[in-house]
Amino acid sequence: MGRRRSQSVTLSDVANRAGVSVATASKALNGRAEVAPATRERVLRAAAELCFQPNVLASGLISGRTRTVGLLTDELGGRFSIPILLGAENALGNGQMSVLLCDARGDAIRRQHYIRTLLARQVDGFIVVGDSNDVSPSLTRDIPVPVVYAYAESADPRDLSIVADDEGGARLAAEYLVLHGRRRIGHITGPESYRAARDRAAGLRAVLAEAGLLPAGDPLFGEWSQRWGRHAARLLVAACPDIDAIFCGNDQVAAGVADALRDLGRRIPDDVAIVGYDNWEDFAADCRPPLTTVDLNLEQLGATAGNHLLAALDGNANSGVIRQHGRLVIRESTGPALPR
């Protein structure tokens, strides 16, 4: 006997097949925590066997929810937003939520327009995605539904912000270099106005202090570019000829550093090890040699934001700052220091 057409199947049919009440079937299908795992599995299996499709409009009228979330970003075309949005969308999709995406492009007027538009569509919550992992003004007072900030720290401590742990990521890089015998470690990074650049420099400085080592000169703050990496590497080698490792603030800078070291006749990693940051494949994997680098785990950051928003919608809202740990991706640009 073939499966029944989904439009003829009701919640009552699912409940009867699973041997539970209609209320329990509803809670199971909506992921409510008070349903036992075995019961939820039985209901989900019954719904799949019957090809049950809930009436989203009717459910929304009953629950007061539309099961949609607004994702508001400032740099949709940037390399940070996309993996965050993918992670958030996947987590929300697992919670049977739909996503409406808006790109404010850094414009405050456009941002307020999208907030009003999304609220008019009665979204259940917002994820606000930043573009620099820095502190940003809170938007929560203009939004009467739960809000989670991702890759941006709200200036209001009552909000929940999920940010990348830049200082922790720098510690991973520095500890790896020290463990492998590097003792003269320099640092080349982006503009000092970026908190990410300052935090990464602080992480390196802390590890060197713990190991009883002095940095190879002061951090060289500049641009997030290969051009700056090439220029700064020449300055650093001239000032510290015995340098044996360079930790870079991002992979673009690291690729430029690698170019300059080759031109100067320094072997990588035999003479000088290089570690980048971001795990941006276009630079990390194609660098000569491929870069050891810190991966920000941005997709997981987005998923964490999505899961916390789902929790807030269920009445379990949190506040404060959660720092998403990165991971060190080992490639050929690092290795044990050779005797000099």
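This is a predicted model: local features need pLDDT of at least 70, side-chain atom pairs count only at pLDDT 80 or more; totals for chains, interfaces and linings use all residues.
Local features need pLDDT of at least 70, side-chain atom pairs count only at pLDDT 80 or more, and totals for chains, interfaces and linings use all residues. Residues are numbered from 1 along each chain as its sequence is written, and side-chain values use heavy atoms, with hydrogens and water left out.

Q: Why are α7 and α8 called oblique to each other?
A: Helix α7 (residues 166-179) and helix α8 (residues 195-210) pack at about 40°. Angles under 35 degrees count as roughly parallel, over 145 as roughly antiparallel, 65 to 115 as roughly perpendicular and the rest as oblique. α7 and α8 are therefore oblique.

Q: What makes the contact of α7 with α8, where contact means heavy atoms within 4.5 Å?
A: Among the residues are Ala170, Ala174 and Val178 of α7, and Leu204, Val207 and Leu208 of α8. The contact divides into 9 nonpolar, 1 polar and 7 charged residues; Ala, Val, Leu, Ile, Met, Phe, Trp, Tyr, Cys and Pro count as nonpolar, Asp, Glu, Lys and Arg as charged, and the others, Gly among them, as polar.

Q: What makes β9 and β14 edge strands?
A: The open sheet runs β9-β8-β10-β11-β12-β14, and β9 (220-221) and β14 (327-329) each pair on one side only.

Q: How do you know that β8 and β10 pair?
A: Two strands pair if DSSP finds at least two bridges between them. β8 (residues 185-189) and β10 (residues 245-248) have 4 bridges, in the parallel sense, so they meet that definition.

Methods
Axes are lines fitted to C-alpha atoms, for helices over the stretch in contact, and angles run from 0 to 180 degrees between N-to-C directions. Helices (H or I, at least four residues) and strands (E, at least two) are DSSP runs, numbered from the N terminus. Contact means heavy atoms within 4.5 Å.
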